[in-house]
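The sequence and structure come first.

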Amino acid sequence: MSENENKIVQSMAEAIADLPDAKRQYFVGFAEGVAAMAEQVKGEKQKNEGL
């Protein structure tokens with residue numbers, strides 16, 4: 001990871017540590033949704049480049 005990416009992850013980890021458990025779980029669900037969406041976009045991009 002780049003230095004900028006490491007800073008982002010560190011900032012997020014610090015913010016999440018201060019959240020109550022219910023909010024942490026909400027954030028994890030949100031992050032998993034974003035990751036799934038990014039993976040789908042990546043797959044569609046690769047599929048379109050193969051045409």
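Does E3 count as buried or exposed, and at what relative accessibility? In this predicted model, E3 counts as exposed because its relative accessibility is 57%, and exposed means over 50%. K7 has 52% relative accessibility, so K7 counts as exposed by that cut-off too.

Side chains of opposite charge can pair when their charged atoms come close. E3 and K7 form a salt bridge, with 3.7 Å between the closest N and O atoms. The two residues are 4 apart, about one turn of the helix, and both belong to helix α1, which covers residues 3–17. The count for the model comes to 1 salt bridge.

## A nonpolar patch

Y26, F30 and V34 make a nonpolar surface patch of about 360 Å². Y26 is part of helix α2, residues 21–49. With a relative accessibility of 62%, Y26 counts as exposed, since the cut-off for that class is over 50%.

## The chain as a whole

The secondary structure consists of 2 helices and 0 strands. The radius of gyration is 15 Å, whereas a compact globule of 51 residues would have one near 10 Å. Along the principal axes, the C-alpha atoms fill a box of roughly 45 × 30 × 5 Å.

Of the 51 residues, 0% count as buried. The accessible surface is about 4,700 Å², and carbon and sulfur atoms account for 58% of that area. There are 6 positive and 9 negative side chains, and the centres of these two sets are 4 Å apart.

Key. Residues numbered from 1 in each chain as written. Predicted model: local features only at pLDDT ≥ 70, side-chain atom pairs only at ≥ 80, totals over all residues. Heavy atoms only, no water. Rg over C-alpha atoms; globule rule 2.2 N^0.38 Å. Buried < 20%, exposed > 50% of the residue type's maximum accessible area, 1.4 Å probe, protein only. Areas by Shrake-Rupley, 256 points an atom, 1.4 Å probe, with all protein chains shown as cover. Lys, Arg positive; Asp, Glu negative; His and termini not counted. Charge placed at Lys NZ, Arg CZ, Asp CG, Glu CD. Patch = residues over 30% accessible without salt bridge, like charges linked within 9 Å, V, L, I, M, F, W, Y side chains within 5 Å. Salt bridge = Lys/Arg side-chain N within 4 Å of Asp/Glu carboxyl O.
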